Every structure is written in structure tokens, then in C-alpha cells.
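Please open the structure in a viewer and keep the selection panel at hand. The stops below say what to select next and what is to be found there.

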Amino acid sequence: MGLLSKKDSRLILDPLADNNPITIQVLGICSALAITAQLKASIVMAISVIAVLGVGNVVISLMRNVIPSKIRIIVQLVVVAALVIIVDQVLKAFAYELSKELSVFIGLIITNCIIMGRFEAFALANGPWRSFLDGIGNAAGYGLILVIVGFFRELLGSGTLLGFQVLGDPIEKTGVYAIGYENNGFMLLSPMALIIVGLIIWVQRARNKALIEE
Amino acid sequence: MAKFTDKNSYTIIFSIIMVLVVGSLLAGVAQGLRSKIDLNERYEKMQNILYAMGVNGNEGDGDINFVPTDKVEEIFAMYIKKQLVIQGENVSEDPEAYLIDIKKEETKAKEEGYQRRLPLFIGEKDGKTMYIIPMRGKGLWDAIWGFLALDESLVVQGVFFDHKGETPGLGAEIKQRYFMDDFEGEAILDNDVFKGISVAKGNNDPINTKKTDNAVDALAGATITGDGVTAMIKKDVRMYLPYLRTLNK
């Protein structure tokens, strides 16, 4: 990271691992459970959140000295809602097929607690550049977990990855299905996402004892 | 000294300005993009109608490819021979029948004295005439809709389903090939009695070899969406029956 100072690069790298919004701060769980049944949806959601949180953090940071403290949460909500609506409209006009693909996910970004969390905890107290890095970093940390969960849920639940049948055809009984393997339908249900997130948390804390809470 | 941002008057002025700025920004964006979005939606409808009658860009298994957007108007005009509007006993031709908003028609039909307009598209592919019926119903979370293509003997030639917000991986699978393809060859009548097509669990026919059971295999974990599809086909295709029954005579 030659471009960034050591302090700045930590803003991006920390949320990827030791300060991950999902596994350490336990934020943004709701959408992580809801949309990770397919890898593609996870990837798209990750990209959308990176875009919204990056821009939103900059906007809030630029306004941080003029926002009335009494209504700051409402202001943050308005900013993220406006951004999400603009993204949605632009996609509908210029990338219609992609916007069909995303359908509800774009709207779901508004409800993502990571976004409000970073506005409140970081952008209100820091300059635009650092806020931008913090936004990108946290959204990427969130996206990383989404992609991991989406990978396992789609692979074990549907036997596909990004829609390709990587394990063979379950109806024609080819590939691993020929030796009696079956897809685990449980994987498609939200509770299994919680269990996978739990496993990730376990692995992460087992490797880095400093993360274990008292 | 208190910061100026703590004052009530400042808070009120700030919120007024914020609402004005954000409101006009969003209104401007929506207005500016409206015509483009409308055009996209119109093309999509054409693509969906063509998809139901088997005119699409599908190549391999599991593909769902529409005809290319830049050529859709041309192809639509080539395959769709007639667009009808059925209003009670009256059947008239209308080259813009595909623009009829069936959601609005459904609402208006509740008013007394309003005869609902039913659009029907007649297409021809490889010498075969198909009657394509638009449908709209309710899934688990939000609207579902689709098109059903029938031949003269009321056997399904193809379908297309779409949804607004069904669960990805579960209800949203209604727009996957393996679900939609199952409908091909199913009949909507059983000994001349209207049955529709049920999305059924446990009909012991997962590969869908029985074409006379008026049922296709359901999606695991998507019971309510599947029931919604069943209800939608029953409700909307039934309205066309009086016309469809005249085809065989």
C-alpha cells in the first residue's frame, strides 16, 4: 500500500479481518442471512454496499460540521435512502437487466446497520478521505463474509456455483450424485447462514486468541 | 457556549432545506430517467411475451436469454400476428394491446359496470399458432406475473414467470428454466373441465413425465410462491376460457 500511509491503510485492512463488521462487531447480520442463498446475489450485494457506503461516508463527512446533532440519525437515514434510490433509478435506466437481477437487494441496503453504524461512528468525526477509506474497508469486510457464506450455501444447498452445476446433475445422477450424494436443502434456509457465520467466527477466534472476549 | 447547530431554529431550517434539496434531487433524477425506464419496461414486456412462445436466445441448458433488446421491436412485429382486446363478448384488434396494464384493469374491474379489457396475443412460430395470455398474481412477498402460451387444443406451449420480490434461491426460482420448462405440454383442461395447472408437492412426478395430470412439481421451500402461481393461472386463464373455447369449433 505505497499510496496510503500506514494509518490509512489500516482503515481498509482492519475491517477485512480483525475488526470485521459481521464476525467481530456483529452488524449487518440480517442481510447476510437473507440474501446469501446464491453466490451471485452475495457478490452483487457486496459491490452495491461498497458503492453506497463509500459515497455515503464522504457525504456525511463533508456535512459533519453543519448537521444538527438532535436530528443527525434522520439526516443519515435521508442520505443513505437518497443514495440508494438514485442507484436504483440509474440502474433501471442504463442497466435494466442487472437491476432486475438485484431486485430487492438494492432496497435492502437502506436497512443495513453497518451503513448507519459507520456514519455515526466514523464519518461524523473524520475527514472525507479517511471516511471514504473507512467506508470501502468496512463494506469490503462485510462483502467478504457474504461471499464466503454464499459460496458454501449455494455449493452445498443447490450443488451449483454462480448457477453452474459444479457437482453434476442431481436429476440425471451424474458427478457426485452418482455415488449417492444429495443436496442439503437446509442450506437454502436462512438459519444455516447463521450457522456458517458462527463457524467463521469460531475459526477466526481460534486462530487469533486476542479476539476472544472475556 | 452552545454550538449553533444545537439551536431549535437551526434544526428546523436545516431539515426544511434538506427535504427540499433531497426531494428535488430525487424528483429530478426520476423525471430525467423516466422515458428511458419506460422504454426498457416496454421492451421487457415484448421480450417476455416472445419468450413464452418460445422465441428467445436460449442456447444451452438452463439459459434464459431473451431476444436482443435492440431488435426486439422488429422481432415482436414478425412473430406476433395479432393483438386482441377481449371485453365481454366483444373481441377487437388493437396493435398496442400489450401496453394494457393488467394491474390497473384488475382494480377497475371491481367498480360496477366496468367491463374489464383482456389483452390476448396471437403469435405464430414454425407454422404453429399460439395464444399468449398475460397473468398477474400474488407470491409470498409481492407481485408475481407471467405469460402462458397455449395452442388451439389448450395445451401449454411455453410459459414465462417473473416476480417482484420472492426469496432468492426459493420462491425466486419460479423464473428458472427447470421450473418453467415443466409447464410445456401440460393441458389446462381435464376432460373439457377447466383445471388450470397446479404447482403440486408430492405428485410423485419430479421429472414431469405425466403430462395429463394438470400439475407440475413444486419447488422445495417455496410453497406459498408455488401456490401463488397455481392461483394466478386459475384466476387469469379462466377469464379467457369463453374465447379460447371458440377456437376449436
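Two strands are taken as paired when DSSP finds at least two bridges between them. The model on display is predicted.

**The sheet of chain B**

Begin by selecting the six strands β2-β1-β3-β4-β5-β6 of chain B, given here in their order across the sheet. The sheet is open, and its pairing is antiparallel. Which strands stand at the edges? They are β2 (90-93) and β6 (156-163) of chain B; each has a single partner strand, so one side of each lacks a neighbour in the sheet. From one strand to the next, the twist averages 25°.

Within the pair, B:Q87 has B:N90 of β2(B) as its bridge partner. The two strands, β1(B) and β2(B), form a hairpin with two residues between them. Centre the view on B:G88 in the turn, where phi is positive, at about 65°.

β1(B) and β3(B) run antiparallel and are joined by six bridges.

Move to strand β5 (residues 143-150) of chain B and to β6(B), which pair in the antiparallel sense over seven bridges. Which residue of β6(B) is the bridge partner of B:I144? It is B:H163.

Now display helix α1 (residues 8-52) of chain B, which packs on the sheet. Helix α1(B) touches β1 (80-87), β3 (118-125), β4 (128-138), β5 and β6 of chain B. The direction of α1(B) makes about 145° with that of β6(B).

**Helix α5 of chain B**

Select helix α5 (residues 223-238) of chain B, in which B:T223 lies. This helix, α5(B), lies across β4, β5 and β6 of chain B and runs at about 120° to β4(B).

Stay on B:T223, which UniProt lists, in an unreviewed entry, for "modified residue: FMN phosphoryl threonine". How many C-beta neighbours does B:T223 have inside 10 Å? There are 15, and B:T223 therefore counts as partly exposed.

**Where the chains meet**

Colour the two chains separately and inspect the contact between them, which takes 25 residues from chain B and 25 residues from chain A. On the side of chain B that touches chain A, the residues divide into 14 nonpolar, seven polar and four charged.

**A helix pair in chain A**

Continue to helix α1 (residues 6-13) and helix α8 (residues 128-158) of chain A, whose axes come within 7 Å and cross at roughly 30°. Angles under 35 degrees count as roughly parallel, and α1(A) is therefore roughly parallel to α8(A). To see the contact, show the side chains of A:D8, A:L11, A:I12 and A:L13 from α1(A), with A:R130, A:L133, A:D134, A:I136 and A:G137 from α8(A). By class, this contact of α1(A) with α8(A) has five nonpolar, one polar and three charged residues.

**Last stop: A:L98**

Finally, select A:L98 in helix α5 (residues 96-102) of chain A. Is A:L98 buried or exposed? With 11 other C-beta atoms within 10 Å, A:L98 is exposed.

Notes
Residues are numbered from 1 along each chain as its sequence is written. Chains are lettered from A and ligands numbered from 1 in the order in which they are written. This is a predicted model: local features need pLDDT of at least 70, side-chain atom pairs count only at pLDDT 80 or more; totals for chains, interfaces and linings use all residues. Helices (H or I, at least four residues) and strands (E, at least two) are DSSP runs, numbered from the N terminus. A residue is buried if 20 or more other C-beta atoms lie within 10 Å of its own, exposed if 12 or fewer, and partly exposed in between; C-beta atoms are placed from the backbone. UniProt positions are given in the numbering used here, feature names are shortened, and annotations may be inferred rather than shown by experiment. Axes are lines fitted to C-alpha atoms, for helices over the stretch in contact, and angles run from 0 to 180 degrees between N-to-C directions. Two residues are in contact if their C-beta atoms, placed from the backbone, lie within 7 Å. Ala, Val, Leu, Ile, Met, Phe, Trp, Tyr, Cys and Pro count as nonpolar, Asp, Glu, Lys and Arg as charged, and the others, Gly among them, as polar. Angles under 35 degrees count as roughly parallel, over 145 as roughly antiparallel, 65 to 115 as roughly perpendicular and the rest as oblique.
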